[in-house]
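These are my notebook entries on a model that I went through element by element. I kept to what could be looked up in it, and the sequence and structure come before the entries.

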Amino acid sequence: MAKSAKELVEAANAVVPRITPAQAQEMMAGGNALVVDVRDAPEVEASGKVAGAVHVTRGMLEFRADPESPYHDQNFAKDKTLILYCASGGRAALAGQALTELGYADVYNLGAFKDWAEAGGAVDK
């Protein structure tokens, strides 16, 4: 039976823990975290991104994260804590689930960029 986008996101949320901006800041302070913005380029251009975050659109994530891919991004390493976010948390959940399927063990969903910004998190414009 076909699933809805809502059902897919719910399933992903069951796999990828949601964290608060404060928890994300704590993880980032540990020094072994990679923050990934999975929004589309116009969204990032309009609002900026979490300071130090890597921007990888949702559509390219698996290719950037897979060491076997010709598009692999060296920032992705399986021993890092990965913190993902988007505009509302849905794409970040789906992205996090995909990363766990690629073998990443320490993956978290920060949720919405606006929550980070409203909490006073540092932003790169």
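I began with lysine 49, which has a relative accessible area of 19% and therefore counts as buried, a term I use for under 20% relative accessible area, with exposed meaning over 50% and partly exposed the range in between (1.4 Å probe, protein chains only). Its partner in a salt bridge is aspartate 124, at 4.0 Å from N to O; by salt bridge I mean a side-chain nitrogen of Lys or Arg within 4 Å of a carboxyl oxygen of Asp or Glu. The two residues are 75 apart and link distant parts of the chain, with aspartate 124 in strand E6 (residues 123-124) and lysine 49 in strand E2 (residues 49-50). Aspartate 124, at 33%, is partly exposed.

Before going on I noted the ground rules: the model is predicted, local features need pLDDT of at least 70, and side-chain atom pairs count only at pLDDT 80 or more, while totals for chains, interfaces and linings use all residues. Residues are numbered from 1 along each chain as its sequence is written, and side-chain values use heavy atoms, with hydrogens and water left out. Helices (H or I, at least four residues) and strands (E, at least two) are DSSP runs, numbered from the N terminus.

**Other salt bridges**

I searched the whole structure and found 5 salt bridges. One of them joins glutamate 43 to arginine 91, with the closest N and O atoms 2.9 Å apart. Glutamate 43 sits in helix H3 (residues 41-47) and arginine 91 in helix H5 (residues 90-101), so this pair ties together parts that are 48 residues apart in sequence. Both ends are partly exposed, glutamate 43 at 24% relative accessibility and arginine 91 at 25%. I also looked up arginine 58 and glutamate 62, whose closest N and O atoms lie 3.1 Å apart in a salt bridge; arginine 58 is partly exposed at 22%, and glutamate 62 is partly exposed at 26%.

**The sheet**

In which order do the 4 strands of the open sheet run? I read the order as E3-E1-E4-E5, with parallel pairing, where two strands pair if DSSP finds at least two bridges between them. E3 and E5 are the edge strands, each pairing on one side only. Strand E1 (residues 33-37) is mostly covered, with 4 of its 5 residues buried. It is joined to strand E4 (residues 81-86) by 5 bridges, in which alanine 33 is partnered by threonine 81 and aspartate 37 by tyrosine 85. Toward strand E3 (residues 54-55), E1 has 2 bridges, and there valine 36 stands opposite valine 54.

**Cores and helix H5**

I then turned to the nonpolar cores, each a set of buried Ala, Val, Leu, Ile, Met, Phe, Trp, Tyr and Cys residues joined through side-chain atoms within 4.5 Å. The largest has 17 residues, of which Val36, Leu61, Phe76, Leu82, Leu84 and Leu99 touch the most other members. At least two residues of this core come from each of E1, helix H4 (61-65), E4 and H5. Apart from it lies another core of 11 residues, including Ala24, Tyr108, Leu110 and Phe113.

H5 itself has 12 residues and reaches 17 Å from its first C-alpha to its last, close to the 16 Å expected at 1.5 Å a residue, the expected span being 1.5 Å times one less than the number of residues. Among its buried residues I listed Gly90, Ala92 and Leu99. Leucine 99 has contacts (heavy atoms within 4.5 Å) with Leu61, Ala65, Leu82, Leu84, Tyr104 and Val107, not counting residues up to four places away in sequence. The cover over the buried residues of H5 includes helix H1 (5-15), H4, E4 and strand E5 (107-112). After H5 comes glycine 103, whose phi is positive, near 105°.

**Leucine 110 and the record**

Leucine 110 lies in strand E5 and counts as buried at 4% relative accessibility. Its contacts, again leaving out residues up to four places away in sequence, include Ile19, Ala24, Leu84 and Trp116.

Last, I checked UniProt, where an unreviewed entry places the feature "domain: Rhodanese" at residues 29-125; such annotations may be inferred rather than shown by experiment, feature names are shortened, and the positions are given in the numbering used here. Over residues 29-125 I read 32% helix and 24% strand, with the end C-alpha atoms 21 Å apart.
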